[in-house]
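Work through the exercises below with the sequence and the model open. Try each task before reading its solution.

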Amino acid sequence: MSTLVEVSKLSVHFTLRGGALSRLTGRGSAVVRAVDGVDLTLRRGEVLGLVGESGSGKTTLGRALLGLVPATAGSIRFDGTELAGLPERRIRPLRRRMQMVFQDPHAALNPAMDLGTAIGHPLKIHKLTSGEAETRTRVLEALELVGLAPAERYYSAYPSDLSGGQKQRAVLARAAILDPSLIVADEPVSMLDMSVRARTIELMASLRDRLDLTYVYITHDLATAKLFCDRIAIMYLGRIVEIGSVASIFEQPRHPYTKALLKAVPVPDPSRSAPRDLPRGEIPDASRPPAGCAFHPRCPVAFEPCGWTGRDLRAHLEDRWTRLGASAYEQESRVFADFPDLEFSPVGDVVVAPGRLHTASDVLTVLNDARADAPDDPLWRGVTSMSVRDGKVVVGFASPVEPRLLPSPGGSGHVACHLHHPS
Amino acid sequence: MTVLDVRGLRVWYGSSRGPVRAVDGVDLAIGAGEVVGLVGESGSGKSTLGKGLLGLLPDGAQMDGDVTLRGEPVDARELRRRRGSEVGLVFQEPMTRLDPLMRISEHFTELLKVHDPGVSKAQREKRALAALRDVGIPPSRYQQYPHEFSGGMRQRIMVALTLVLRPALVIADEPTTALDVLVEGQILAMLSELRVTYQMALLLITHDLGVVAETCDRVAVMYAGRIVEQGDVRTVFRDPSHPYTRELLRSTISLATSELHSIGGAPPDLVDPPSGCRFHPRCPDVMPICSSQDPLTSRLADGRRVECWLRGSRVDAR
Amino acid sequence: MAGRFRRTLATVRSTGAVPRWLLYIGGATVLVFTLVALAAPLIAPYDFDQYRSDGTRFPKLGHPSGDHPFGTTVQSLDVLSRVIWGARTALEVVVLAVVFSLIIGVALGLISGFVGGWLDRVLVLLMDALFAFPYLLLAIVLSFLLSDAIGSGVVTTALAITVVYVPQYFRVVRGSTMSARELPYVEAARVIGAKPRTIIVRYLLANVVQSVPVVATLNAGDAILTLAGLGFLGYGIQPTEAAEWGYDLQRAVSDANAGIWWTALYPGLAITVLVVALTILGEGLNEVLNPTLRRRRAFAFLLPGRSASTQAPVLAAKEPR
């Protein structure tokens, strides 16, 4: 299979304009690393799934592939043409060959345009027909193609006359009428009812065969990805953490995150009880990604090199106080001078100052208690030392190592995890 | 103990084309510590049913039927009055319910002041922190503002704000739909635990059969304003009795799905629903009687209630 | 009987009726004024500057009488004719001003909202500056400058008023453009290769102008007041050019002390009635057109009694509430 899109070291960063407050506190404007150094090859004719939670950067990556958001760094080659850095004016003619399907079918069609005009508009823009009559014929064909029959009736219908599933078909017709090579489908079925999801996926699959399409299927739903995709890339906080064939992802998941996602998908089988051991917490803020592996704060099997820092210690103590209750919190938090500031401690050893009326040994006692109560917490694997120095406690952490996406040992895919690639 | 008992509930609301029969004759009962899943597609009337039970109906909607709450008959006004204290609610978008300018502590103070005016400040704080602890929010974050929390944590806070008043019944309308799959799992597991500790009756409104399977004891399947089948989750999922339940289960895409299936046609217009059984135009097992006469409610040996002419031979009082 | 009574009550209760009647009353009144303005040459007994007929001069400050139902002014002008011709002036100025400010405001709002960046900032600054300026003062200065450049008259006054109202359209359209710009269908237009101009004209325009009729109607009422204000202060249309209510009011100020009520009453009444009519028409339109303000109209219906056939036999039928 030849390559249609080649993405290398692609980054898409957004600058959040810091408010007056954040400028005063000296943290300045934040940079959100929506996509952070992604390498990806899209083969002609395949369906590649981009799977991840919201905030994983999957939608931004999909939009960057179409040149809808500018790349901050790296390259996107679409059939030999470099898209990164190309002005909108030069990308526009290329849009004929790459199309997009949106998550919300109710918002993806201009409410003031009838379907005939909306679906025929791409043809007009790219001047692909010789006149109104030919445009009309092509639009009617496209409507038939996506199963909106009788086409004559839908031609003059407005989006408000259609159900969600029908609107999504119309959106597919608008994309397909240009005979594109690539369609990026961003959660195309997640807003549809269960009873029409299957039909929409079947339609997308049949379009692939009839039009020789390549799809990028963006979703948070592993179940539909399993049915529709050939390969799947699992994304977490702007990076691909695992990529491989559908078989390798579902039968031999390597990354702890992939495993967790697979465990969490609700299954309509009441004999299976709800999983209790899901990773804690949520996907972190992409403007302040954790050190090392971004998943380590939630990872049940994280160990020394995964990127432990002061903010992990803070999260651990907060967890502890949630468990022990308000009185333990009252007593133990007083021991620290600036507990919330642990959140912003840099990589490396953390110096913890004791609070008023407390000494460094009080701090050490609390930390040791926390460790004794949950000795198996992955955090303690990353803590190399705790000692008193100059009236303060110094907590030493193992130095973080960023995992790289490397071939899975004994498998066909790639995974970015220290468990599989000990450094 | 039965917390909520609903019989023959109807909620209609007006439209330019005539009344929309969003909920049209529904029977439902929930006991203490029980989780009932109300599933249906968009437009099935499941959210309207939830809103009706909370007394949150829009202007021009009308409701009738017999609703009893802990044995007392209540009407729409009474339900509205008991919202919060006896009937709690958890919605899809927690941010719309939290005031961005108020600390979490202030949310609790306001709420407890209104509902329990006699309680001291220390007592209020104690109750609030206990509720937050139950939903897994660290006490260190009690004084923070809503925007400092992630989506899942906001939903946890909403649950805590609901539970702190110890309602007998909680209605949760798509509580996890806006959340990611891992967070959804966490919240569902938490709800399962809390209904035991709080002994509350939970009505979980969702479109996701997977969520129902993992969380609920009983399930009520709603189609076009009526509950077409209800019963024990395991029984209903293993051996669906109503063709709609069966088709809905078959069309659900899960990790175990190997073959795609969908239900033909589209849900009916509730201004002018089909005659007889409302599912008959889409039903693969349709019989001549289905379009001419309303199906009777039958109770199967395993305790299920089904509205279908296929099971119509055994008409029976409940 | 009881059913009918209940239905009537339900109709009265339904909130949709109020905006509907606002719309009807405001619309009818505005229509009457428009017809009067259009038919002024036919229905006005005299010309707007006519002070004599058949060689006889009209009485000075004559009481309302058969020949002059609304009386005459100190300049011997017929008040009824002045009021009728004044409607024509008001219509001309207001239509021109609304059309000009609408075109300019909508265009600038679309461009500013869609393009964003420094252009947006400059335009917003400019519009805010215009908006912050006392509107009558702005109109006076502009009509002063314009009458120097192109001479006074209906068009000049309309242009002066135009500038006052451009910022309102700009604000409304820019706001809805900025929110519509983020909608998938606008991105979809980019995806199919549409140029910015095509996106603005084909995808944004139709969807952001919904609130414009409301603004236009409310502005029209306001513009009448500005026009009258300019006339009253003597900076508007000159008495030799057309009849103008504001000017007439100013002339009538000294009459009022002498107990002569008719010279002030009729032009004043005309201004008041037209402004109120335009305002309630605007409010009515707002309720009907603006989806964010529109309360779901309650459609009255009666919940029919539960028929036994739709229920399992065990459940007793119950009377509707």
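Two strands pair if DSSP finds at least two bridges between them. The structure used here is a predicted model.

**Exercise 1. Find the strands that pair with strand 13 of chain A, and say in which direction they run.**

Solution. 
1. Begin with strand 12 of chain A, residues 383-389: 6 bridges join it to strand 13 of chain A, and the two run antiparallel.
2. Strands 12 and 13 of chain A form a hairpin with 2 residues between the strands. In that hairpin, A:Asp390 has a positive phi near 50 degrees.
3. Now turn to strand 11 of chain A, residues 350-352, which is joined to strand 13 by 3 bridges and is also antiparallel to it.
4. Here A:Val351 has A:Val394 of strand 13 as its bridge partner.

**Exercise 2. Sort the residues of strand 13 of chain A into a covered and an uncovered face.**

Solution. 
1. In a regular strand, side chains alternate between the two faces of the sheet.
2. Strand 13 of chain A covers residues 392-397. Its covered face holds A:Val393, A:Val395 and A:Phe397.
3. The uncovered face holds A:Lys392, A:Val394 and A:Gly396.

**Exercise 3. Decide why helix 7 of chain A can be called largely enclosed.**

Solution. 
1. Locate the helix at residues 164-176 of chain A; its 13 residues reach 18 Å from the first C-alpha to the last, close to the 18 Å expected.
2. For burial, the cut-off is 20 or more other C-beta atoms within 10 Å of a residue's own.
3. Among the buried ones are A:Gln166, A:Arg169, A:Val171 and A:Leu172.
4. The buried residues pack against strand 6, helix 4, helix 5, strand 7 and helix 8 of chain A.

**Exercise 4. Where in chain B does pLDDT stay under 50?**

Solution. 
1. Chain B has a mean pLDDT of 90, with 98% of its residues at 70 or more.
2. The stretch under 50 is residues 314-318, for which the model has 9 contacts beyond four places in sequence.
3. Where pLDDT is low, the predicted coordinates should not be read in detail.

Key
Residues are numbered from 1 along each chain as its sequence is written. Chains are lettered from A and ligands numbered from 1 in the order in which they are written. This is a predicted model: local features need pLDDT of at least 70, side-chain atom pairs count only at pLDDT 80 or more; totals for chains, interfaces and linings use all residues. A residue is buried if 20 or more other C-beta atoms lie within 10 Å of its own, exposed if 12 or fewer, and partly exposed in between; C-beta atoms are placed from the backbone. Helices (H or I, at least four residues) and strands (E, at least two) are DSSP runs, numbered from the N terminus. The expected span of a helix is 1.5 Å times one less than its number of residues. Two residues are in contact if their C-beta atoms, placed from the backbone, lie within 7 Å. pLDDT is the predictor's confidence in each residue, from 0 to 100.
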